[in-house]
Amino acid sequence: ENCWLDLRPYANTAPYTVNETASIQRTYRLFRTLGLRFLCVVNHNNQVVGIITRKDLLPEALADSLIKGRNAHLYALENFA
């Protein structure tokens, strides 16, 4: 059936955002200065393309992301097979 739940009273209608081309340094600075738990990533059309959390900026997570980025073609093949 068609059921709806209005989450507007509980949702932030103006969240902090960062452009998808923003540097890690800028993103980290936003987290630290504003005390954020998450940050929406938007494209040039202001459409949400992802969410970054505090854990994504930990050294281990950044190192893992860099490794995956350099070897993205290998991860794509693993997930395809």
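**Reading the labels on a predicted model**

From the N terminus on, the order of elements in the chain is β-α-β-β-α-α. The model is predicted, with three helices and three strands in the chain.

Student: Why is F31 called buried?

Tutor: The relative accessible area of F31 is 7%. Buried means under 20%, so F31 at 7% is buried. F31 sits in helix α1. Between F31 and Y16 there are 9.9 Å in space, C-alpha to C-alpha, and the two are 15 residues apart in sequence.

Student: What share of the residues in the chain is buried?

Tutor: Buried residues are 14% of the 81 in the chain.

Student: Why does N46 count as exposed?

Tutor: N46 has 59% relative accessibility. The cut-off for exposed is over 50%, so N46 at 59% counts as exposed. N46 lies in the loop between β2 (38–42) and β3 (48–53).

Student: What is the phi of N46?

Tutor: N46 has a phi of about 65°, a positive value, although N46 is not a glycine.

Student: What makes the contact of R8 and D6 a salt bridge?

Tutor: The side chains of R8 and D6 meet at 2.9 Å, N to O. A salt bridge needs a side-chain nitrogen of Lys or Arg within 4 Å of a carboxyl oxygen of Asp or Glu, so the pair R8 and D6 at 2.9 Å qualifies. A search of the whole structure finds one salt bridge.

Student: Which residues make the nonpolar surface patch?

Tutor: L5, L7 and Y10 make a nonpolar surface patch of about 420 Å².

Student: How much space lies in the largest pocket?

Tutor: The largest pocket holds about 260 Å³ of space. The lining has 15 residues, and I24, I52, D56, L57 and L62 are the closest to the centre of the pocket. Two or more lining residues come from each of β1, α1 (24–34) and α2 (59–70). The largest share, four residues, is from α2.

Student: What classes of residue are in the lining of the largest pocket?

Tutor: Nine residues of the lining are nonpolar, four are polar and two are charged.

Terms used. Residues numbered from 1 in each chain as written. Predicted model: local features only at pLDDT ≥ 70, side-chain atom pairs only at ≥ 80, totals over all residues. Heavy atoms only, no water. Buried < 20%, exposed > 50% of the residue type's maximum accessible area, 1.4 Å probe, protein only. Patch = residues over 30% accessible without salt bridge, like charges linked within 9 Å, V, L, I, M, F, W, Y side chains within 5 Å. Areas by Shrake-Rupley, 256 points an atom, 1.4 Å probe, with all protein chains shown as cover. 1 Å grid on protein atoms, 1.4 Å probe; cavity = no way out; pocket = protein on both sides within 12 Å on 5 of 7 lines; lining within 4 Å. Points joined across faces, edges and corners; volume = space filled by probe spheres on them. Nonpolar A, V, L, I, M, F, W, Y, C, P; charged D, E, K, R; others polar.
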